[in-house]
Each structure stands twice: as structure tokens, then as C-alpha cells.
Amino acid sequence: MSKKMSIHDLYKMKEAREKIAWLTSYDYPTAQFAEAAGMEMILVGDSLGMCVYGYKSTVPVTMDTCIRHSDAVRRGAPDTFVVGDMPFLSYQASDEQAVMNAGRFLKEADVDAIKLEGGIRVASRIQAITNAGINVIGHIGLTPQSSGQLGGHKAQGRTAEDAQMVIRDAQAVQEAGAKMLLVEAVPPEVTSCIWNSLKIPVLGIGAGVNCDGQLLIVSDLIGQFQAFTPKFVKKYCNMAEIVTNAMKSYVADVKDSRFPGDEHIYKMIAGEEEKLNNLLRI
Ligand code: KIV
């Protein structure tokens, strides 16, 4: 019998220096694939705005959209540690707003934790949500919701001064009570400093190998998202090509009447065709 992954299991993995595999998913079937593949964690990222809805950024994504997708993912991956991603303007206004929206993820989608972007500037939000009994995962380095302020989707912490700011953010996230930290798009030296100085599990995306595990965006991993491919992505297959080729074959089969074939049709029960002909003759 399978056992549901808990925050304690993830802490035990850190202790045993066993790496944690984390992937985004946005729908029921992909969540099923992720769980079957042995993923310990799934993030229902607000990246769904770009990967599923075709927006240019994550900014237009709403709470209702994130909840709806998280709910589908939960059903597809009942035993995986599912994380709901707080979208832009769901926690920025006040601690109260942050707690209410984080709580919605648990009440309406049964997630195991929420993730929000920012370090020092969101410390009081992390504390408030944690005090409400909800697992929080911090997210620092490149934070896509503020990519406008960061000058685009750019790596962070590449100078000593910037690196120090990222490290201070990491410490603030832990001090505020977050259970885990995600570090995005920083040099591995910065990740190592954070990993060595924090007690909570540190996961990376574009942050090198020196941490407790890795996150990737599923649409990048399977080669489905085509607008751009960040440097840190490893494509494990080319879904765009595979699916387009399959669709091309279908189009050709329809045009040439090769589809549907004999094996795809419903046969009349023996003797019924003759009866039908008789009926039609009357
Ligand atoms: O929304 C998301 O998928 C994320 C990743 C970019 C880390 O937050």
C-alpha cells in the first residue's frame, strides 16, 4: 500500500542526504504521471499562466485559477506532497489577506503546503501563514512575479553584494518559520552558502546541485513550452514534436479515409442488418 508523503518524510530525506525530486503539474493526468514516476513533490505553479493559458507572465493568474488546478492535481496525485503557489496579489496586500488565501488552498484543494515569493520583504506574511498552521515554502533569487523590478527573468546573486542579499533573504525565510526554501536562478556558490547555513530543506531550480533537491517545470522537461527555454532546463523529450507529428498523421489518415479502420467501428449484431433493411423497405 502506498503512503502519503508528509513534511516529516521530506525532512527525513534531507537528514539521510537523499535528494528530493519536485516537478510542476497543472492537471490531473500529468499529476498521475508524476506520482507514478516517483516524484516526492508537485508544485501547482503560477507558471501555469504561461504554460497552460499562454500569458506572457504569471501576473494575470488568479487565486481561483490556482485553486482549480491544485484541486485537479491533488486528485491525480493523492500520495504526493502537493504545493499550491500563491499568485500575484494574493498575499502582497496584508498578512490577513495572505492567511485567508493560503487557507483557501488547504480548504478547497487539500494541498500540503503553499509557496510564496520573496525574502525579507515577505517575512511577516510567512510568519502569519505559519502561525495559522500552514506549511510555507519560501522562494528567493529570481522571483518571476517581480521580474519587472528585477529587469526580466535574470539570474540573481551574481555579484558579491547581490549574493549577500539573496543569502539574507534565505535566512529571513527560515527565521520567519518557513518549512522549506526554493532558490531560483543563482550561481551554485550562493546556493552552497545557503544550504550550509540553513536547517530547513533547500531546493533549487537553476541553482546547481548543492542543495536538497531539484524543481523543474513540467512543460520545460517534456518540451511542451516553446516561447523560450531557460539555461537551467534539461529537456527529457520533445512533446511538441511528438504531439504535432501524431496530429499530422491523424490529419493525413482522415484525408485519405484510412481512419477510422475496421478495428475502430461498432459492428451490428448478427442478423440485425437484414432486419433493418426489411424495416426500411416498409
Ligand atoms: O510557478 C512556478 O512554476 C514557479 C517556478 C518558476 C519556481 O514558481
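R74 belongs to helix 4, which runs over residues 63-76; helices here are DSSP runs of H or I with at least four residues, strands are runs of E with at least two, and both are numbered from the N terminus. In this predicted model, local features need pLDDT of at least 70 and side-chain atom pairs count only at pLDDT 80 or more, whereas totals for chains, interfaces and linings use all residues. Residues are numbered from 1 along each chain as its sequence is written, and side-chain values use heavy atoms, with hydrogens and water left out.

With a relative accessible area of 7%, R74 is buried. The term buried means under 20% relative accessible area, exposed means over 50%, and partly exposed lies in between, computed with a 1.4 Å probe and protein chains only. The side chain of R74 reaches the backbone oxygen of D110 at 2.9 Å. Such a polar contact is a pair of N or O atoms within 3.5 Å; within protein, one must be able to donate a hydrogen and the other to accept it, and residues adjacent in sequence count only if both atoms are side-chain atoms.

D110 itself is found in the loop between helix 5 and strand 4 (113-117). D110 is partly exposed, at a relative accessible area of 48%. Although D110 is not a glycine, its phi is positive, at about 55°.

## Other backbone features

R17 also has a positive phi of about 55° and is not a glycine. R17 counts as exposed, with 66% relative accessibility.

A cis peptide bond, with omega near 0°, leads from F259 to P260. P260 is placed in the loop between helix 11 and helix 12 (272-281).

## Overall architecture

The protein chain has 12 helices and eight strands. Of its 282 residues, 46% count as buried. The C-alpha trace of the protein chain spans about 90 × 40 × 35 Å along its principal axes.

Some pairs of residues give a sense of these distances. E273, in helix 12, is exposed with a relative accessible area of 52%. E273 and R125 are 148 residues apart in sequence, and their C-alpha atoms are 71 Å apart in space. M5, in the segment before helix 1, counts as buried at 18% relative accessibility. Between M5 and V82 there are 77 residues along the chain, while 9.1 Å separates their C-alpha atoms.

## Two loop residues

S90 lies in the loop that connects strand 3 (81-85) with helix 5 (95-109). The relative accessible area of S90 is 2%, so this residue is buried. A polar atom of the S90 side chain is 2.6 Å from the backbone oxygen of P87.

Q224 occupies the loop between helix 10 (218-221) and helix 11 (239-255). Q224 is partly exposed, with a relative accessible area of 41%. From Q224 to L106 the separation is 118 residues in sequence and 29 Å in space, C-alpha to C-alpha.
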